[in-house]
Amino acid sequence: MTININPGFPNLSIDVWNPDGANATEGFSEQYFAPGVSEEFAKELIAFNKEVGAQDDVLTDSVQRGLLGGLPERGRLLTNSEHLVIHFQKLIVNAVTGEPAALTPSGLVALPPVLRTIPLLPNASVVPDSERNAYVELEIFKIEPESEIISSFYMRRADGKPLDPWVPGQFLPIRVTIPSEPQPALRTYTLSTTPNPDYYRLSIRRGDENSLVSRFLHANGRPGLRIEAMTPRGKFMLTPQSERPAVFVSGGVGITPMIAMATHIVEEGRRTGKFRPVWFIHGTSNGRVHAFGNVKELAGQHPAMKVHIRYSQPGSTDRLGITHDSEGRITIDVLKELLPLNDYDFYLCGPPPFMQSLYDGLTGIGVRRERIHYESFGSGTALKPELHPEIPARISASDDGSVPIRFAKSGITAEWSRDKGSLLEFAEAVGLAPVFGCRSGICGTCATRITSGAVDYIEEPLAPRGEGQVLLCCSVPAAAALVPAWCSTYRGIDPSKRRRNGATASRSVYLPL
Ligand SMILES: Cc1cc2nc3c(=O)[nH]c(=O)nc-3n(C[C@H](O)[C@H](O)[C@H](O)COP(=O)(O)OP(=O)(O)OC[C@H]3O[C@@H](n4cnc5c(N)ncnc54)[C@H](O)[C@@H]3O)c2cc1C
Ligand code: FES
C-alpha cells in the first residue's frame, strides 16, 4: 500500500496492490480531498495521477516481460533513490534469517536462497532431480463436482510448504495407497489450474467399475485424505513465445489441460493488456457430463476468446444455443467451418480416435506438424509416430541402419529406425496397442518382458521394472541408441547417463507382444 500527499491543496491518495497470481498484481487508488478543495483541482490531480499510473503500467509490464525471459534472477532497484524498498527488503531478510542483511557490490540487498525469486515462467527442470523425483504428501482440502462424472480435487502439501512450480498443461504424477491393494497405485493427472504456490487442482473423471484410482478417489476423497505426488511435469504446454491464436480442441475429460492453458492466457492478457486470441472448442456427450461449463465466463474476460461447445448426445434438458452451440462430434469439417483462415497453434486432448482423426484432418489440410500439440490420457491408442514431432526432429538423419524388432505374440516383425521413436510408438505404428499410462517412464504401465535383445532408455525411467522387463514408452533398441551422432542430442541426454536394460546385446529385439 502506498500513501501519497501531492503538492497543492490538502489531498491524500492511497494505492492498494494485491497479488493476483504468480505474475500479476491488481491495484486500485482512492483519492481524498479536504473540505473546500475545488472540484477543478481534484479533477486535475486525479487525471494527472491516472496519466502517471498509465506510464508506470507500460514500464512495469516491460520489466515483467524482461523477467519472464528467465535470464535475470531478480529486478533491479535504483540504489540512490529507492531507499524505502531497500529498507523493506533488509527488514524481510533480517526477519527470515535472523541476521542483518548484507548488500551486494551493486548496492542491492543480498537475498538468502530461501528468498530467491521463483522463476516467473515456471519450468519443472529447475527443480533438482533429487527433489523432482521424490514423493511428497498432499492433503485434499476441497472437492468440487464439475459434472456428474468429473470432480475437482483441491490439495496442498501436508507439510504446509509451497508447491513446486508448473506450466499450464503439465501433469502431476501421483501415488495413491488403496487399502484393498497390495501396492500403491501410480497415475498421472493434469493440473487443471494455473500455477500457484498454494494448491493443486486435479479434475478427475470417475471411470467404469474396474477403474481403480478414479473410483477410489471419487468414493473416498474427502478433506483430510492424503495422497503422494512428485513434482509436476510433461511436455504438453503452451508455446510461450507464440503470438499465434491458440486453438484448444478437447473431448470429454481432455478439457482439463485446456482450462489451465486458457485461464493462463486470460490472466496474462489482464496482466499485460495483450490478449493472445483463443478458440476453445470442446466436445462432450451432453450437459450431464459437461465439466467446466463456466468457460464462457472466462471468455468474458478476454476480448478475443471464442468458445464453441458441441454435444454428441444432447439430453432432454439440454438446449441448443444455450447449453451448447452445435450437435454431433467434433470433426475436421467442424473446425474448418468454425475457424477463419489463419495460422494457428493447435492443442488437442481427448479420446484416441478423436485425436487421431483431428490430427489426420489438420495435417491433411496442410497444418504443419509442429503447430499441433497433443496430450493423450488413454491406454492402448494407435497414435501415429508423427504425433511426436520432437523425437524424429532431434534424431540425426545420418542413420546407417535399422534394428529388426519381433513381436512374438502377434507374429509381427518390423524394422525399427530412428524416425520411429520409442518402442511404444513403434509398436503402435505397426498396429499393436500396448497399454500405457504416462508415456514418460513414471507409472510402469508399459512394462513388457524382453525376450531377447537390449534397450537403452531415452531418459532414465522412474518406474520400477522387473527382471527382464523393459518400459516401452521411454526405450529404444540399444544397438541404434548407441550411435553417438544423436545420442548426445537426443532430448539433451548425456550419453553417459543412459542405462541399459535387457537380456543380451544382440542387434535384434524380441518382445512378447
Ligand atoms: C498425461 C496424462 C494426464 C491425465 N490427466 C487426466 C485428467 O486430468 N483427468 C482424468 O480424469 N484423467 C486423466 N488421465 C488419465 C488417468 O491417468 C487415469 O488413466 C484414469 O483416471 C484411469 O485410471 P484408473 O485408476 O481410474 O483406472 P484403471 O484402473 O487404470 O483402469 C483403466 C481402464 O482399464 C480397465 N481395467 C482395469 N483393470 C482391468 C481388468 N483387470 N480387466 C479389464 N479391464 C480392466 C478399467 O475398467 C478402465 O476402463 C491422464 C493421463 C495421462 C497419461
Ligand atoms: S507408460 Fe508409464 S512408464 Fe511407460
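Predicted model: local features only at pLDDT ≥ 70, side-chain atom pairs only at ≥ 80, totals over all residues.
**Exercise 1.** Determine how many helices and strands the protein has, and what share of its residues count as buried.

*Solution.* Begin with the secondary structure: the protein has 12 helices and 23 strands. Next, consider burial, for which a residue must have under 20% relative accessible area. By this criterion, 44% of the 513 residues count as buried.

**Exercise 2.** Identify which residues come nearest to ligand 1, and which element gives the largest share of the shell.

*Solution.* Then sort the shell by residue class: eight are nonpolar, nine polar and four charged. Lastly, assign the shell to elements. The largest share, four residues, comes from β7.

**Exercise 3.** State which atoms of S203, L212 and T256 lie 2.9 Å from ligand 1, and how much of the ligand the protein buries.

*Solution.* First, take the backbone: an N or O atom of S203 lies 2.9 Å from a nitrogen atom of ligand 1, and a backbone N or O atom of L212 lies 2.9 Å from an oxygen atom of the ligand. Second, take the side chain: a polar atom of T256 lies 2.9 Å from an oxygen atom of ligand 1. Third, consider the area: ligand 1 taken alone exposes 960 Å², of which the protein buries 67%. To finish, β7 (185-190), β8 (200-205) and α4 (212-220) are the elements that each give two or more residues to the shell.

How values were computed
Residues numbered from 1 in each chain as written. Chains lettered and ligands numbered in written order. Heavy atoms only, no water. Near = heavy atom within 4 Å. Polar contact = N/O pair within 3.5 Å; in protein donor to acceptor, adjacent residues only side chain to side chain. Areas by Shrake-Rupley, 256 points an atom, 1.4 Å probe, with all protein chains shown as cover. Nonpolar A, V, L, I, M, F, W, Y, C, P; charged D, E, K, R; others polar. Buried < 20%, exposed > 50% of the residue type's maximum accessible area, 1.4 Å probe, protein only.
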